[in-house]
Amino acid sequence: MGFLSSQDVQALWLTLRLAGTVTVLLLVLGMPLAWWLAHTHSRWRRPVAAVVALPLVLPPTVLGFYLLMLLGPDGAIGRLIAAAGLSALPFTFRGLVVASMLYSLPFVVQPLQNAFEAVGQRPLDVAATLGAGPLDRFASIALPLAVPGVVTATVLGFAHTVGEFGVVLMIGGNIPGQTRVLSMRIYDHVQAGEYHQANVLSLCLLVVSFAALLAMSLLRPGRHARD
Amino acid sequence: MPVTESPRGLDARLAWRRGELALDVDLALPPRGSTALFGPSGAGKTSCLRAMAGLERAAAGRVSFGDTVWQDDSHRVFVPAHRRRLGYVFQEASLFSHRSVAGNLDYGFRRAGRPAHLRRDELIDQFGVRPLLQRRVGGLSGGERQRVAMVRALLADPQLLLFDEPLSALDALARSELLGCLERLHATLAVPMVYVSHSIDEVARLADHLVLMDAGHVVAQGSLQATLTRLDLPPPLAEAVGAVIEGTVVGYDAHDQLIELDFQGGRLWLPYRHEQVGQRLRCRIGARDVTLTGAPHPDSSALNDIRCRVVAMADADHPSQCLVQLDAAGCLLLARITRRSWHALALAPGREVWAQVKAVALGA
């Protein structure tokens, strides 16, 4: 990649690694949460759904600020982590992963929840009468029928993590190879007046985002295949 | 003291609320043959069936099947639906859209351990599903879907079959085709079957035992014959009352396109619908279709005269009318006539009368 500096490539690679890690973790953890939200009659459903949706409306800097407070050496969680003998999270890649997971949570959980709600109770009841237990019903009926929602969740979760800036700024700083992601690098280039480099990286993001959305619509089963 | 217990079928005592409807049912179904849950829409038939299957968690009480307790809330026993070995056919076929027809059929069959005693190929042919095996379910017609759903349920090796109005969403042709399939199934089936319906004709052809429901309660239960000829059924079920007779086809008049049915109470002519001489046939004689006369009338257009004795009379749902229970050589019939006729003919229990039935009113 002749037109990208090695620092740019490093930032690009870091961004993709971050987005990939966050998306995989969010799918694994978001799946049970989305399932619970889609099926529970608990009175906690609405409060929990609101908390999940919070990052949609909250400025990323606010989220990042509170995370910095909580995870920092004097924060409640930070002290727990220190007591457990682990290194502090702020200004590390792991810290970025944790923060990005919170930031991208609704983009993964909501499509999954919608998909599970669209599958409905009927196919699960049918499967139960045919002898399938709860986990079996999830794996053999709910998940395959919810594939469009899983695709949407994956693409949105990935793309949204690639594009984050405010949270990274607050909790990650700008450490090359550790926390300097693509959006930070673009900001640096603009600050330094290097508009050409900023443009190249921005184009990269644009292309990645477009490819992601295109892939999402291509991977969705056609609307005639479902009934 | 020796205890001789008759084998037990499904016993259910359950109470719950579903929206505006308060359900409270007490059912004892026989261990063999088919039971129809019949009643007007909104009577709670489907909820009742779901509760038997363990799909209605709000239903509290006790359910047992044979010697197995499926639910007993006083002892915190609840066997989930997937351990009850059911075959459940829903109102809409609810096939799995991500699987082919063969994949759908295989779903329960595989989970039941592919039992060798189930003749898979025979069932597939019996319901005419073989040409559909490789198809996707999206392209199937309503009747095809329901046939697949039935074979799928049967292949799960059920010990109890539950059918929730499986024909109600179908057009007339598909319905009569499937009804034929179900009649053959009913004749050969070893496990008990519960059939929810609001069509009295389906019930008359498929049920041995009848549970009448209205407004969330069981109004009456017993054998099909005895229950449908009761005089004390509530008004919403008034249209359903009438005898169901079963007999053998003994004659076919090709010229007039009629068949003759020999039953306990006599002989009846009815329209020919491709029956074979010698086959067993059920026929419903609605109470509205019976006219009473003091003597047989050879010059009447009604083809059938059945000699009966009046058993009892009761009020019908309209003050001008009454229901007359008749005994035709041990076979109960029901006639709905005006009170004016009752008095004009000087009818009374024990009187001999002739029940006239138009052949055109007969046949499924």
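Tutor: The model is predicted. Chain B is divided into domain 1, residues 10-231, and domain 2, residues 242-359. The C-alpha centres of domain 1 and domain 2 of chain B lie 32 Å apart. Where the two touch, domain 1 of chain B provides nine residues and domain 2 of chain B provides 11 residues. On the domain 1 side of this contact, α6 (200-206) and α7 (224-228) of chain B each supply at least two residues. The helix that gives the most to that side is α6(B), with four residues. By kind, the residues on the domain 1 side are five nonpolar, two polar and two charged.

The largest nonpolar core has 156 residues. Those that touch the most other members are Met52(B), Leu162(B), Leu326(B), Leu333(B) and Ala355(B). Because domain 1 and domain 2 of chain B both give residues to this core, it lies between them. In soluble globular proteins, nonpolar side chains tend to be buried together.

Leaving aside neighbours within four places in sequence, Leu326(B) is in contact with Cys308(B), Arg309(B), Val310(B) and Val311(B), among others. Its contacts also include Leu332(B), Leu333(B), Leu334(B), Ala335(B) and Ala355(B).

Next comes the other chain. Chain A has 11 helices and zero strands. Its C-alpha atoms fill a box of roughly 65 × 45 × 30 Å along the principal axes. Of the 227 residues of chain A, 36% count as buried. Among contacts in chain A with a separation of 6 or more, 73% are between residues 24 or more positions apart.

Helix α1 of chain A covers residues 6-39, which is 34 residues. From its first C-alpha to its last, α1(A) reaches 49 Å, close to the 50 Å expected at 1.5 Å a residue. There is a kink of about 35° in α1(A) at Gly30(A), shortly before the proline Pro32(A).

Where the chains meet, 16 residues of chain A are in contact with 17 residues of chain B. On the chain A side, α6 (122-129) and α7 (134-145) each supply at least two residues. The largest share of that side, six residues, comes from α6(A). The chain A side divides into nine nonpolar, three polar and four charged residues.

Key:
Residues numbered from 1 in each chain as written. Chains lettered and ligands numbered in written order. Predicted model: local features only at pLDDT ≥ 70, side-chain atom pairs only at ≥ 80, totals over all residues. Expected span 1.5 Å × (residues − 1). Bend = angle between axes of the 7 residues up to and from the residue. Core = buried A, V, L, I, M, F, W, Y, C linked by C-beta atoms within 7 Å. Buried ≥ 20, exposed ≤ 12 C-beta atoms within 10 Å, placed from the backbone. Domains from an automatic or database assignment. Contact = placed C-beta atoms within 7 Å. Nonpolar A, V, L, I, M, F, W, Y, C, P; charged D, E, K, R; others polar.
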